[in-house]
Amino acid sequence: MYARVVAAFAAALLGATALLLPTSDARARVVGEPPSVVAHRGASALAPENTLAAVDAAAGLGVDWVENDVQRTKDGALVVIHDDSLRRTTDVEEVFPGRSPWKVKDFTAAEIARLDAGSWFAPRFAGVRVPTLDEYMRRVEDNGQNLLLEIKNPELYPGIEQQILKLLGNEGRLDRPYPDGRLIVQSFSADSLRLVHDLAPGVGTAFLGTPPVADLPEYAAFTDGINPSYASISTDYVSAAHALTGPHGRPLAVLAWTVDDAATALRVTGYGVDGVISNKPDVVRAALRER
Ligand code: G3P
Ligand code: CA
């Protein structure tokens, strides 16, 4: 049954997804010239995380890769938000006081659209909203940015992988295969990533975490990268990942998170990572340019 569903969905995507694999055996540098910087939840030290304001803040800095977190509402809309609850990053407690614990999955898209997702960060962001993935993709596209899209808590949202891929296909984001597609899908869930790879083999994927070196070959069957916490890696670990070839014939790329200061950025890039994911991409980029 699983194979039939996957095959049917992959066939449906074929019109939008080029499946030709890259032929070059050059070292994959999936986010531009190494070491690259990805704005974590947008430039989230400068604007409320996972909002269009954070995407624009990254664009204003000239940062062309942004990371986000995607979840699903009660009525099936894809929205960009990190926590499984609306409580920390919106005024949901005031607007819907009787709805504890304010889970994303328990609110409709119309209800979430009423929430202020900016005031908690700073008064000048009052009125900023939780974006739908559709709105978010349009802004990223308008800004000419690339996207590191995290499927957050996929176990809460059965079928979210198909739904995200369908939207990405509609937006033309599946037209070019990895590493040229300006898109990488990442998750802490290996099952979710494996499904994404099966459904849309051209899409770039990255596993969030630090699997043991002995297990990395299993991951290389379905993921193009390993995105670990910076504190969990070493030069040897990065070398072990680079020694393996992912599903698109490129060495596994390594993007380390969340690196927000110059000293850590210099240390981690010294391990040989392909990029860093940062709330302060301006700080990190400046440090790396000054080397
Ligand atoms: O991109 C890496 C990072 O986003 C993973 O952790 O909790 O910030 O989504 P988290
Ligand atoms: Ca994330």
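Me: In which loop is Trp 102 found?
Reply: The model is a predicted one. Trp 102 is not a glycine, and its phi is positive, at about 60 degrees. The residue is found in the loop between α3 and α4.

Me: Is Trp 102 buried or exposed?
Reply: A residue counts as buried under 20% relative accessible area. Trp 102 has a relative accessible area of 8%, so the residue is buried.

Me: Which residue does a cis peptide bond join to Pro 101?
Reply: Most peptide bonds are trans. Pro 101 has its place in the loop between α3 (92-95) and α4 (109-113). The bond in question is cis, with omega at about 10 degrees, and the residue joined to Pro 101 is Ser 100.

Me: What is the omega of the cis peptide bond that joins Trp 257 and Thr 258?
Reply: Thr 258 lies in the loop between β8 (253-257) and α10 (262-270). Trp 257 is also among the residues around ligand 1. For the cis bond between Trp 257 and Thr 258, omega is about -20 degrees.

Me: Is Arg 41 buried or exposed?
Reply: Arg 41 is placed in the loop between β1 (36-39) and α2 (52-60). Although not a glycine, Arg 41 has a positive phi of about 60 degrees. The cut-off for a buried residue is under 20%. Because its relative accessibility is 16%, Arg 41 counts as buried.

Me: How many charged residues are in the shell around ligand 1?
Reply: The residues around the ligand include Arg 41, Glu 67, Asp 69, Glu 150 and Lys 152. By class, the shell has 4 nonpolar and 3 polar residues, and the charged ones number 5.

Me: How much of the area that ligand 1 exposes when taken alone does the protein bury?
Reply: An oxygen atom of ligand 1 lies 2.7 Å from a side-chain N or O atom of Glu 67, and for Glu 150 the corresponding distance is 2.9 Å. A polar side-chain atom of Gln 186 is 3.0 Å from an oxygen atom of the ligand. Taken alone, ligand 1 exposes 290 Å², and the share buried by the protein is 90%.

Me: How much space lies in the largest cavity?
Reply: The count of cavities of 30 Å³ or more comes to 3. The lining of the largest cavity includes Trp 120, Val 130 and His 82, and its residues divide into 7 nonpolar, 4 polar and 1 charged. His 82 is also one of the residues around ligand 1. The space in the largest cavity is about 70 Å³.

Methods:
Residues numbered from 1 in each chain as written. Chains lettered and ligands numbered in written order. Predicted model: local features only at pLDDT ≥ 70, side-chain atom pairs only at ≥ 80, totals over all residues. Heavy atoms only, no water. Near = heavy atom within 4 Å. Polar contact = N/O pair within 3.5 Å; in protein donor to acceptor, adjacent residues only side chain to side chain. Areas by Shrake-Rupley, 256 points an atom, 1.4 Å probe, with all protein chains shown as cover. Nonpolar A, V, L, I, M, F, W, Y, C, P; charged D, E, K, R; others polar. 1 Å grid on protein atoms, 1.4 Å probe; cavity = no way out; pocket = protein on both sides within 12 Å on 5 of 7 lines; lining within 4 Å. Points joined across faces, edges and corners; volume = space filled by probe spheres on them. Helix = DSSP H or I, 4+ residues; strand = E, 2+ residues; numbered from the N terminus. Buried < 20%, exposed > 50% of the residue type's maximum accessible area, 1.4 Å probe, protein only.
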